[in-house]
Amino acid sequence: MDLNFRFAIVSDLHITLPHTIWDHPNRFHLVEVSIAAFESVIEHLTQLNLDFLLLPGDLTQHSEPENHLWLQERLAKLPFPTYVVPGNHDVPVLTANEQSIGLADFPYYYRKFGYENPCRLYYTHQLLPKVRLIGLNSNFFNEEGDLIGRLDTEQLIWLEEVLAAADDELVMVMVHHNVVEHLPEQLRHPIGKRYILENSPHLLQILRRYGVKLVFTGHLHIQDIACSQGVYDITTGSLVSYPHPYRVLEFRQDNYGRNWLQIISHRIETLPDFPNLQHLSRQWMGDRSFPFLVKLLTQHPLNLPLSQAEKLAPGLRDFWANIADGDALLDYPQFPPDVRRHIQTYGARASGIPTLIDNHSTLLLGESK
C-alpha cells in the first residue's frame, strides 16, 4: 500500500491572551503576536488539504488555564485532526497553583487532540492506515522538584511495547525536548543541555532498534534538522520568536518502495498590528541577547573572563537570530581565533561545506518495510 500524506508542524505557540501577558525586560518571546500569528498560520493551512497538524509543546505562555481553554476551543474548530504534547511552559508546576495547571491536568484539556486516555501523559494514535504517531511527555520533576527534560522509566517500557506491536507501520514520534543534538556538544553544554532529553541516548537506542526514523521536537526555538545514525530530529522554531516559522511536510513512497519526506518551511512576514514583523522581531531578539551571550562566552568551553565576554557580546548581537533562522553561515573574523572557531561550529557547515537543509529539504528515509 502506497503511503502519501501531507501534514504541518507549528511549535512553541506560547498562546497568551492579552490580559495574561507577563512582561520582563529580557523576555525573548514576542507573545503579543501569539494569537494573531496562530490565526495567520491556520488561515494558510486550511487551504492545503492537510491530513493532520502536529504541535510539539509550549502551547501556552505559562500554562494559564484560560490560555489552555482558548487553544482547546480553537483546535476543536479546525478542519483537520490536531495532536499535541506538553512543553515545559505547559506544565511548569507539579501541582496546580494560582497561575498554572498541574502536570497531571494537561491531558484533560486535550482529550480530543491525542489524549483519549487522560490518565496518562503520553499516547499513541493511528493517524492513517499504516501510519502511527507516538506522543511522549518529556517533562520530569526530579527529587528536588526541578523540572527537567527526561523520559521516565514507565514511559520507556510502554514505548517499547508500542513499537514492538507496530512492526508493519510507519511510526513518527513527537516530543518537546530535543532527542538529537542540534548545538555543539548539546548534552554537555551548560546552556544547551536544558533543551535536550537527559536520557536521549537511551531513547535513540530504542528508536533505532525498531527502525523509527522521524522525531519532531520544539523547545529550542530554532529551525534545525539533525540526524544521528538514521534518526532525524526535525525541530521547528517558535511561532512567537524570530523568524516565526512553521513547516509543511509531505511524505510519499516512490515506485521503488522508497520513502521520502519533503519539508517546506514558511514564516509569518506581517500581521495587522505588526506590519514589519520580521524586522521588529529580529531587533527584539537582538536587544535582549546580551545576558545570554555573556553566559555563552563565559561558560564551557570558552570560559572567557567576564570583562572580555562583555566586550565581545555586542558583536554577536544577531548570533541567536541567525541560528534561529536555520542554515546559518557564521563567521566573525574580528574575534580572537579560538572564539571565532567555536562560534563557527554553530553554523551550517560540515567540513567547511555548507549543508543547507534546516528550512527546505527532501529526506530519503529508506525503503518500506
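This is a predicted model: local features need pLDDT of at least 70, side-chain atom pairs count only at pLDDT 80 or more; totals for chains, interfaces and linings use all residues.
Guide: Local features here need pLDDT of at least 70 and side-chain atom pairs 80 or more, while totals for chains, interfaces and linings use all residues. Residues are numbered from 1 along each chain as its sequence is written, and side-chain values use heavy atoms, with hydrogens and water left out.

Visitor: Why is helix 4 called roughly parallel to helix 5?

Guide: Helix 4 (residues 153-164) and helix 5 (residues 200-209) pack at about 10 degrees, axes 10 Å apart. Angles run from 0 to 180 degrees between N-to-C directions, with axes fitted to C-alpha atoms, for helices over the stretch in contact. Under 35 degrees counts as roughly parallel, over 145 as roughly antiparallel, 65 to 115 as roughly perpendicular and the rest as oblique, so that pair is roughly parallel. Both are DSSP runs (H or I, at least four residues; strands are E, at least two), numbered from the N terminus.

Visitor: What makes the contact between them?

Guide: Contact means heavy atoms within 4.5 Å; among the residues involved are Leu156 and Leu163 of helix 4 and Ile206 and Arg209 of helix 5.

Visitor: What makes strand 4 and strand 10 edges of the sheet?

Guide: Two strands pair if DSSP finds at least two bridges between them. The open, mixed sheet has the order 4-5-8-9-11-10; strand 4 (123-128) and strand 10 (224-228) each have a single partner strand, so one side of each lacks a neighbour in the sheet.

Visitor: How do you know that strand 10 pairs with strand 11?

Guide: Strand 10 and strand 11 (residues 231-235) share five bridges, in the antiparallel sense. One of the partners of strand 11 is Thr235, bridged to Asp224.
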